[in-house]
Every structure is written in structure tokens, then in C-alpha cells.
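Please follow the account below with the sequence and the coordinates at hand.

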Amino acid sequence: MSDAAQAGTPRMNMIQAINSAMDVMMERDPNMVVMGEDVGYFGGVFRATAGLQAKYGKTRAFDTPITEIGIIGVAIGMGAYGLRPVPEIQFADYIYPALDQLVSEAARLRYRSNGDFTSPITVRSPYGGGIFGGQTHSQSPEGIFTHVSGIKTVIPSTPYDAKGLLIAAIEDNDPVLFLEPKRIYNGPFDGHYDRPARNWTAHPASEVPAGHYRVELGKAATVREGEAVTILCYGTMVHVVASTVEEMGVDAEIIDLRTLVPLDIDAIEASVKKTGRCMIVHEATRTSGFGAELAALVQERCFYHLEAPIERVTGFDTPYPHSLEWAYFPGPVRIGEALKKILKD
Amino acid sequence: MDAPRANLPPLSLHVPEPKFRPGDEADFSDVDVPPAGSARRPDTADKADSFHELAYTLIRVLDDAGQAVGPWNPRLDADALRKMLRSMALTRAFDERMFRAQRQGKTSFYMKSTGEEAVSVAATMAMASDDMCFPSYRQQGILLTRGYPLVDMMNQIYSNSADPLQGRQLPIMYSSKDYGFFSISGNLTTQYPQAVGWAMASAAKGDTRIAATWCGDGSTAEGDFHSAMIFATVYKAPVILNVVNNQWAISSFSGFAGAEATTFAARAIGYGIAGLRVDGNDALAVYAATQWAAERARTNQGPTLIEHFTYRTEGHSTSDDPTAYRSAGEPTAWPLGDPIRRLKDHLVAIGEWDEERQAAMDRECAEEVKRAQKEAEKNGILGHGMHQPFETMFEGVFEDIPWHLKEQQQQMIAERKAAGI
Ligand SMILES: Cc1ncc(C[n+]2csc(CCOP(=O)(O)OP(=O)(O)O)c2C)c(N)n1
Ligand SMILES: [Mg+2]
């Protein structure tokens with residue numbers, strides 16, 4: 001047991017950590033409100049807002065009509081008044097109806113009003129597959145939003161990071177899309193869907209301080225140091241990558257990006273220059289995915305250090321299939337094949 | 001933020017709250033239930049602004065004694081009534097069995113329509129068999145009424161090797177052009193403007209077919225609902241817009257869709273669309289309202305919005321536990337009763353049915369469902385290997401498979417080999 005655990009640091013799963021971040025912030029900042037479909041009395045379909053309405057009242061934690069564009073538009077308006085709204089979109093797959101308010105409004109308010117108005121909102125949304133959710137409960141739309149100037153995109157991979165990053169996102173004065181990898185809400189996932197599910201208890205990052213702390217936006221984490229290859233990943237894939245690397249006995253350096261925009265380019269550059277190889281892993285579809293941006297950046301900045309072509313491991317360019325979920329998911333086999341290829345010579 | 005002005009009263013924010021929460025006794029005595037037969041039936045050629053009161057009342061045909069009364073009585077013959085009853089009973093039996101199949105781990109997800117069977121079954125019977133339906137996920141009764149094979153529904157639910165949708169879609173997201181049933185989306189209310197578009201196309205082509213669509217009370221909040229309304233009224237689209245007001249949207253009561261302020265049928269008024277509010281648990285009222293709206297549509301009088309006032313008796317889906325947010329007593333306290341029991345009582349009251357035949361019908365429906373399930377399970381259940389061939393994942397993204405998907409298809413086949421699958 002680590003010092004922190006002995007000192008009474010609570011163990012939390014990712015939902016509890018996210019809940020705790022909102023609780024801490026609502027306590028500190030009377031202007032923070034949470035809103036969204038089923039988030040009030042019920043506490044959210046994944047229970048992320050459980051208890052907040054009972055504690056802070058209905059005007060600070062409330063259910064909304066089922067209109068995603070309304071939820072984001074209203075959050076922007078509340079932000080313009082001076083509140084700090086944290087709207088939830090029930091599944092990232094349902095964020096598309098909100099696109100205009102996010103892309104044309106939240107993202108550009110500061111710029112077009114020359115700072116007269118800002119949009120200090122944090123949009124939370126569960127994303128990603130691996131739960132047999134079919135095509136409308138599985139998508140990873142981060143690449144759509146990283147393409148938009150003016151929105152920050154954050155994706156945690158552990159309970160500790162989830163809480164610290166969410167607090168930092170809420171305190172940030174710009175709009176942040178906070179995507180929560182729902183497959184690892186209750187425990188890390190090694191990509192072997194046929195093995196028993198694990199919970200977070202045994203993972204060191206499930207020690208989550210009860211109070212306020214921040215994990216700075218724009219800073220990646222080195223999950224594993226290594227010399228053979230740099231692997232850039234985020235969300236659920238951090239865990240799939242880590243366990244695949246262990247199983248294969250590869251000395252990889254694993255970087256958990258944590259924030260996609262703004263990106264920790266220094267961490268990426270330093271690592272790739274050290275290892276000379278770069279592999280990118282994400283669950284989202286391949287074409288125009290965030291991996292394409294990463295590959296371009298790495299070749300622009302590290303070209304003369306590269307000893308092999310950059311590898312991208314991604315979901316396929318199809319809608320997320322229901323029954324063939326595990327053939328679609330970029331699991332240990334796809335990652336393993338790519339590792340063999342990039343380390344070949 | 002500036003300090004509020006001291007000389008003015010402070011504002012306060014209203015956040016709706018349902019009348020009952022877990023632990024409360026449910027009491028619906030304040031729900032206004034007008035007597036059966038009390039609503040007038042306008043001529044289908046009347047202007048939409050001449051019967052606004054029908055958006056605020058409840059069109060009801062079946063009275064407490066099981067008699068069909070009033071101007072909306074569709075005067076169906078006994079055979080049609082028995083078919084209606086059987087389709088509703090079959091829908092319920094199907095739901096029971098498939099819900100259980102999910103609980104047994106045979107599939108990932110299921111949604112029942114318990115208590116709302118009349119809304120899909122009776123409406124379908126009032127339309128022509130080639131009219132086009134754009135349903136939500138809770139109108140399985142349409143397919144069952146139109147005689148779609150139970151086995152194929154189950155194959156879809158199991159995502160198995162015989163799934164007509166190739167295992168691509170979440171269970172119950174059926175699609176069947178042959179049966180006039182549009183592909184169900186997981187995203188709410190997208191079907192609403194699509195139904196209007198189909199109806200506009202039918203009108204533009206001088207066709208005779210009309211369209212109908214369904215969404216829930218909660219779903220009326222989506223922008224697509226309002227987009228559909230404006231297109232429907234502007235082009236007088238031959239479409240029936242159904243709102244299934246079962247009063248709950250997962251954990252959110254209908255107040256979060258505006259029901260504290262007005263009815264869903266009243267949404268029609270601002271758009272100049274005909275609006276009817278119907279007892280959704282009265283199969284004959286649903287039939288009559290749909291028949292009326294269909295006649296209006298077929299005679300170029302334009303769209304009708306029908307609110308079906310009903311109650312979601314069970315959880316939202318297999319992922320939901322309603323006891324966490326609503327009073328456990330609500331389903332039984334709900335004053336409009338059960339649609340199957342009410343139609344059965346009517347048939348008994350007119351001497352065309354009895355308890356024995358009811359019991360026999362229930363047994364028959366259960367048997368039919370069981371037989372179909374056995375048949376479907378021969379094609380596999382979810383997660384047990386009998387799915388579509390892996391390479392089919394890349395088919396149907398486009399009409400033809402482009403190079404990058406072909407490459408990914410090859411990659412996936414190589415992965416299967418590498419994994420020894
Ligand atoms: C665009 C979109 N937002 C949110 C959801 C999640 N969701 C699925 S069903 C549902 C409730 C819908 O309630 P209602 O319209 O009343 O229909 P009912 O389930 O009662 O039939 C919600 C919020 C979704 N599927 N699509
Ligand atoms: Mg509803």
C-alpha cells in the first residue's frame with residue numbers, strides 16, 4: 001500500500017472521481033451548475049452526477065429537455081451571464097445535434113467578441129466502445145472537435161487524472177470537451193474482452209484525493225518509459241497498449257496524451273527523438289482521425305530521427321458494428337501486429 | 001456579476017418536479033379523464049383552426065362498461081377487433097420473452113412496449129398496408145401487426161448469422177422496406193423530418209401512399225421535431241405525426257418536455273396543423289384518430305399531430321431501473337388502465353369473446369413466440385460465435401467498397417489469422 005492509501009486517500013473508480021470533481025467544484029464555486037438529460041434527481045445514466053442535486057439543489061443540478069443543441073446553447077447563455085456550466089451529453093454519439101452551438105458559438109465567442117463574451121463551459125460526455133452498445137453508444141468523435149479552433153479536448157485514462165483534469169477543465173475559461181472513456185469507468189481494460197473484468201481497486205491511480213487538485217491541461221503523462229518505440233495514446237487505449245506491451249515484452253515508451261488540444265508537443269517530440277519510432281493508437285475511425293494530425297506533427301518535427309514509418313492503429317472506417325465489436329476494436333492483436341511491423345528493422 | 005437591484009423583487013428559476021418519487025403513494029385523481037364519447041368528431045375537411053379543443057381533451061371511445069360510444073367509434077367488426085386484440089397480445093408476449101432472453105445473457109439490450117401496444121397496433125390497422133412508417137424504438141407492434149416474421153425480429157435481436165441487418169445494429173433497431181418500416185435510428189427524433197420528406201415525395205409524385213411517424217414525449221424537445229412540424233405545415237405533407245406520451249423519458253418526467261405548461265397535441269396549433277389528443281390505452285380511439293388523420297392526409301388536407309396519452313408501465317430498457325426515480329405505485333394507479341384488458345372487456349361486453357378464448361389466445365401467442373425463439377436460436381445468440389462473416393463489416397458503408405476499406409478488410413482477415421480465430 002502506498003503512502004497516500006495509508007494516509008486515508010480514498011479509492012475511487014472513474015465515475016466516483018468525476019463525481020468528486022464536480023462536487024468539489026460546486027462546493028468552491030457557487031456559479032458552477034451541472035445540467036443534462038437525467039443528470040438531476042437520478043444522477044445520470046452512468047451515475048456521474050449522483051447526489052449533486054440533493055446537495056446543491058435543483059437550480060444548480062438539473063434535468064433538461066432532450067435537446068442537445070438546446071443544452072449547449074443554454075449553457076453558453078448561462079456562461080455569458082457569468083455562471084460556469086458543466087453540461088452532460090448523455091453519450092458522445094448524441095453530441096451531433098449540438099454541433100452548431102459548439103462549433104459556431106462556444107468555440108468562437110471569445111474570438112468574435114474580442115473577449116467581450118467567453119464560453120467557460122465544460123461539456124462532459126461518455127464515449128468509446130467495448131460495451132456492445134452498437135453504433136449509437138460506441139463512437140469516438142474527438143477528431144471532429146480537435147478540428148475546430150477554439151475548443152479544448154481532454155480525455156482522461158484513470159480516476160486520478162479524471163478528477164484532476166475535470167477540475168482543471170471546469171476552472172478553464174475556454175470551452176472544454178471532456179470525453180470520458182466509458183469502457184474504463186469501472187475498471188482498467190486490457191483489451192481481452194474474454195477475460196474477467198477488473199475493477200480499479202488494484203490500480204495505483206484509483207487513489208484519489210478527496211479534495212481539490214488539478215492535473216494541468218496540455219500536459220501528457222509518460223505511463224511507461226522505454227527505448228524501443230514511442231506509443232502515443234489516450235483513454236481506454238492507454239490500458240490496452242500497456243498490457244499488450246507487457247505481454248509482448250517490448251521496451252516501449254507509452255505516452256498518455258490526456259489533452260488533445262492543446263497538445264503536449266514537447267513530450268511527444270522528446271520521446272520520439274529518443275526512441276526513433278512512433279506508433280499512434282486510437283479507437284476512433286482512421287481517416288482524418290486525430291492520429292493523422294499526430295503523424296503529421298511527428299514527421300514535421302522528428303523526421304530526421306525516425307527509423308521507421310509512423311504506424312497508426314485505429315478503429316476501422318466503418319460505423320461501430322454491434323456483433324463484430326471485438327473484430328472492430330483495436331485490441332491486442334492489431335496493436336501487436338503493428339508493433340512487430342514498426343520494430344522489424 | 002452586478003448586485004441585484006434592491007428595489008425590484010428577485011427572480012427565481014422554476015425547475016419542474018414530478019408529483020411522485022420513490023416512496024410516495026401515486027395518486028392520479030387530479031388527471032382529467034373526460035367521459036368516453038364526449039369529444040366531437042370534425043369533418044376531415046374542416047380547417048385545423050376550427051377544432052383546437054381537441055388538442056386539450058382526450059378522445060375516448062371505450063367507456064368503463066366496455067362499450068364503444070360516441071362519434072369517434074370506428075364501428076369495427078368483431079373479426080377486426082379480435083385481430084387487434086391478438087396483435088397486442090402477441091406484442092406483449094414477444095416483449096416478455098425477449099426481455100427474459102436479454103436477462104439470460106442471450107443479447108445485449110431490449111426495450112419493451114408494455115402498456116403502449118395500442119399506439120402501434122391500432123394505428124397500423126387504421127393505415128393501408130403500404131403506407132410508410134417511421135417509428136421510434138418502441139413500436140415493435142407495427143411489425144407484428146403487419147405480419148413480419150417473428151424469427152427475423154429475433155435474429156436481429158440476437159445479432160446472429162441470420163440477422164437481416166448483418167449484426168450491425170443494436171437489438172430492436174429493425175428495418176424493413178418490404179413492410180413499410182423505416183430503419184430505426186438510435187438518435188432520437190431523426191425519423192420525424194424524414195417521415196415528412198417521404199410524405200412530400202409521395203405527394204410530389206402523385207402517389208396515394210401516406211407516411212406516419214412516432215416519437216416519445218421526451219423526444220419532442222429535439223430540434224428535429226420542430227423542423228418536421230414546419231415542413232409538414234408549409235407543404236401540407238400527407239403525414240401523421242404521433243407523439244407517444246408515456247409520461248417518462250428514462251428518468252425525466254414529461255414536465256421536462258413542457259407538459260407542465262400544455263399538452264403535446266397543442267404543439268400543432270402554433271404551426272396550424274390539426275392536433276388531436278387521444279386516450280392511448282383505448283385501441284379504438286387510437287384507431288379512429290389515425291383513420292381520421294389518414295383520410296385528411298389522403299385528401300390533401302395535410303398533416304395531423306396525434307398525442308397518445310399513455311403510461312410507460314415498465315423500465316425504459318433492460319438498462320433501466322425505474323424504482324430509482326418514480327413511485328412504484330404509478331403503473332397500477334394509472335387511471336387509463338391496460339389497453340389489452342380494455343379491448344378484451346369490450347369484446348366480452350358485446351358477446352364476441354370470453355375468458356376461455358382469451359386464455360387460449362394468450363397460450364397460443366406464448367407458444368408462437370417460443371417456437372420462433374427456438375428457431376431463431378438455431379442461428380445463434382449474441383457473442384457465441386454464430387455471427388456474420390467478419391468481412392461483411394466493411395460492406396454497406398458505401399455501395400461499392402473503396403480501396404481504403406478493402407485494405408482494412410484484408411488487415412482484419414490477417415488479424416483473425418494471427419489471433420487463430
Ligand atoms: C439524440 C439523442 N439524445 C439522447 C438519447 C438518449 N435517450 C435514448 S431514449 C431517451 C428517452 C426518450 O424518451 P421518450 O422520447 O419519452 O421516449 P420513450 O423512451 O418514453 O418511448 C434518451 C434520452 C438518444 N438516443 N438520442
Ligand atoms: Mg416517453
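In chain B, the loop that runs between α4 (150–158) and α5 (191–204) contains B:T189. In this predicted model, B:T189 is not a glycine and yet has a positive phi of about 70°. With a relative accessible area of 1%, B:T189 is buried, since buried means under 20% relative accessible area.

A second residue of chain B shows a positive phi. B:Q247, again a residue other than glycine, has a phi near 75°. The loop that holds B:Q247 lies between β3 (239–245) and β4 (248–249) of chain B. The relative accessible area of B:Q247 is 13%, and this residue is therefore buried.

B:N246 has a relative accessibility of 5% and so counts as buried. B:W248 likewise counts as buried, because its relative accessibility is 5%.

Attention now turns to ligand 1, which is placed between chains A and B. The largest pocket is where ligand 1 sits. Around this ligand there are 20 residues, of which A:E68, B:Y137, B:R138, B:G186 and B:S219 come nearest. The side chain of B:R138 brings an N or O atom to 2.7 Å from an oxygen atom of ligand 1. B:G218 contributes a backbone N or O atom, which is 2.9 Å from an oxygen atom of the ligand. For B:H316, an N or O atom of the side chain is 3.3 Å from an oxygen atom of ligand 1. Ligand 1 would expose 590 Å² if taken alone, and the protein buries 96% of that area.

One backbone feature of chain A remains. What kind of peptide bond joins A:V261 and A:P262? The bond is cis, with omega at about -5°. This geometry is worth noting because most peptide bonds are trans. A:P262 belongs to the loop between β10 (259–261) and α10 (265–275) of chain A.

Methods: Residues are numbered from 1 along each chain as its sequence is written. Chains are lettered from A and ligands numbered from 1 in the order in which they are written. This is a predicted model: local features need pLDDT of at least 70, side-chain atom pairs count only at pLDDT 80 or more; totals for chains, interfaces and linings use all residues. Side-chain values use heavy atoms; hydrogens and water are left out. Buried means under 20% relative accessible area, exposed over 50%, partly exposed in between (1.4 Å probe, protein chains only). Helices (H or I, at least four residues) and strands (E, at least two) are DSSP runs, numbered from the N terminus. A residue is near a molecule or strand if one of its heavy atoms lies within 4 Å of it. A polar contact is a pair of N or O atoms within 3.5 Å; within protein, one must be able to donate a hydrogen and the other to accept it, and residues adjacent in sequence count only if both atoms are side-chain atoms. Accessible areas come from the Shrake-Rupley method with a 1.4 Å probe; for residues, only the protein chains shown count as cover. On a 1 Å grid over the protein atoms alone, a cavity is a set of points where a 1.4 Å probe fits but cannot get out, and a pocket is an open set with protein on both sides within 12 Å along at least five of seven lines; lining residues have an atom within 4 Å of a point. A molecule sits in a cavity or pocket if more than half of its atoms lie within 2 Å of its grid points.
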